[in-house]
Amino acid sequence: MATFGVRELRARALSHSLFAPTTLVRAIDRLGFVQADPIRSPARAQDLILRHRVKGYRAGDLERKYASLDIEEDYLYVYGFLPRRTWALLHPRAAGALSELETGILAFVREHGAVHPRKLAVHFGTQRVVNAWGGSSKATTRALDRLHDFGLLRIARREAGVRLYEPAAPPADLLTPAERLRKLVLVFANLLAPVSEKTLQAIAAKFRRSLAPREHRNILRAMIASGELVSLPVDGISYVWPATAKFEAPPPAVRFLAPFDPVVWDRPRFEHLWGWSYRFEAYVPAAKRVRGYYALPLLWRDAIVGWANARVADGVLDVALGFVEREPKGRDFRRELAAEIARLETFLSLG
């Protein structure tokens, strides 16, 4: 490892995250977490992430197959889908005292099994309360969210995109808070590898109140010292990854990556590795957007050279491209670009 710079670092980032496509179960297990987002442009983030890593994946497969998979929906450092073994590290969360409504809803769900929120509204009323975003939600919806957050309820499945709730079994293995935090740090380090110590520390700090509050600052150094994490400085930035991380060369192809893909998620790392700043602009006023509502970073070989905005109109996929500098020249790029657009059409079940 005489010379190790940005080029080698981004090769590791790509090869670790964009592993050879496998089954849906194995892909989620290997990632450890798949971020979810409700925007569909041209598909939801979770589907756009999984299509590169699951053989024959189609938009919506995760939702359709969810009930048969050993996974959960929950909030890790953001909301998404995770293996049950990872979910178990999040619970128990400090719940505090349940309200009268929450206690009643929990008893109702335990008695009736998987319940649609609409049924709860009929039974408990449609009173509205202020939600976390300053808007209003049904009190029953807010209660379901809290019971889910506390690990007392789980998402059984979805119907037309609406979450149905059922009782959640408590984790089988009761680990100490410090052990849970250590294992969660390994999940984060694996998902985002190679990840800067600064980013990993910031994610671990989100658990400082619920897990090992006195240890979150020192846990990374302890894990590096023990050999669980490998640490290497590049341009003065300390990057880490699990000692067990696998680095396999991905094929030299064009890929449209989701805005929340693990390769893209850490914006400071993105800028360090690829030399430009990517910004998610869905919530930016249209007049101020630079790259588009839902620009998908465009990967060519080991470089992210631009972005794609993909939309479906009347059953036809339209892809508009933008480039940081200029479009790559040569037949190889044009051939691989056409292949990626064809893969996207198949993924969206078009044509």
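1. Which side chain meets that of Glu 336 in a salt bridge? It is the side chain of Arg 335, with an N to O distance of 3.9 Å. This is a predicted model, and the distance should be read as computed from it. The two partners fall into separate accessibility classes: Glu 336 is buried because its relative accessible area of 17% is under 20%, whereas Arg 335, with a relative accessible area of 49%, is partly exposed.

2. In total, 24 salt bridges are counted. One of them joins the side chains of Arg 85 and Asp 29, with N and O 2.8 Å apart. This pair links distant parts of the chain, since Arg 85 belongs to helix α5 (residues 84-90) and Asp 29 to helix α2 (residues 24-31), 56 residues apart. Arg 85 has 48% relative accessibility and counts as partly exposed. Asp 29 is also partly exposed, at 38%.

3. Glu 179 is partly exposed at 25% relative accessibility, and Lys 183 is partly exposed at 31%.

4. Salt bridges also connect residues in a network, made up of Asp 70, Glu 72, Arg 84, Arg 154 and Glu 166.

5. In soluble globular proteins, nonpolar side chains tend to be buried together. The largest nonpolar core here has 104 residues, and the members that touch the most others are Leu 50, Leu 62, Leu 76, Tyr 77, Val 185 and Leu 200. Helix α9 gives the most to this core, with seven residues. Leaving out residues up to four places away in sequence, Leu 50 touches Leu 24, Ile 28, Leu 31, Val 34, Tyr 57 and Leu 62.

6. Which residues lie nearest the centre of the second largest pocket? They are Asp 29, Arg 85, Thr 86, Lys 183 and Val 187, out of 31 lining residues.

7. Helices α1 (6-17), α2, α5 and α9 each supply at least two lining residues. Helix α9 gives the most, with six.

8. The last point concerns Val 263, in helix α12 (residues 262-265). Is Val 263 buried or exposed? It counts as buried, at 0% relative accessibility. Apart from neighbours within four places in sequence, Val 263 is in contact with Ala 13, Leu 14, Ser 17, Leu 18, Arg 53, Leu 257, Arg 269, Trp 274 and Ile 304. Charged residues are thus among its contacts, including Arg 53 and Arg 269. The C-alpha atom of Val 263 is separated by 31 Å from that of Leu 175, which lies 88 residues away along the chain.

Notes:
Residues numbered from 1 in each chain as written. Predicted model: local features only at pLDDT ≥ 70, side-chain atom pairs only at ≥ 80, totals over all residues. Heavy atoms only, no water. Salt bridge = Lys/Arg side-chain N within 4 Å of Asp/Glu carboxyl O. Helix = DSSP H or I, 4+ residues; strand = E, 2+ residues; numbered from the N terminus. Buried < 20%, exposed > 50% of the residue type's maximum accessible area, 1.4 Å probe, protein only. Core = buried A, V, L, I, M, F, W, Y, C linked by side-chain atoms within 4.5 Å. Contact = heavy atoms within 4.5 Å. 1 Å grid on protein atoms, 1.4 Å probe; cavity = no way out; pocket = protein on both sides within 12 Å on 5 of 7 lines; lining within 4 Å.
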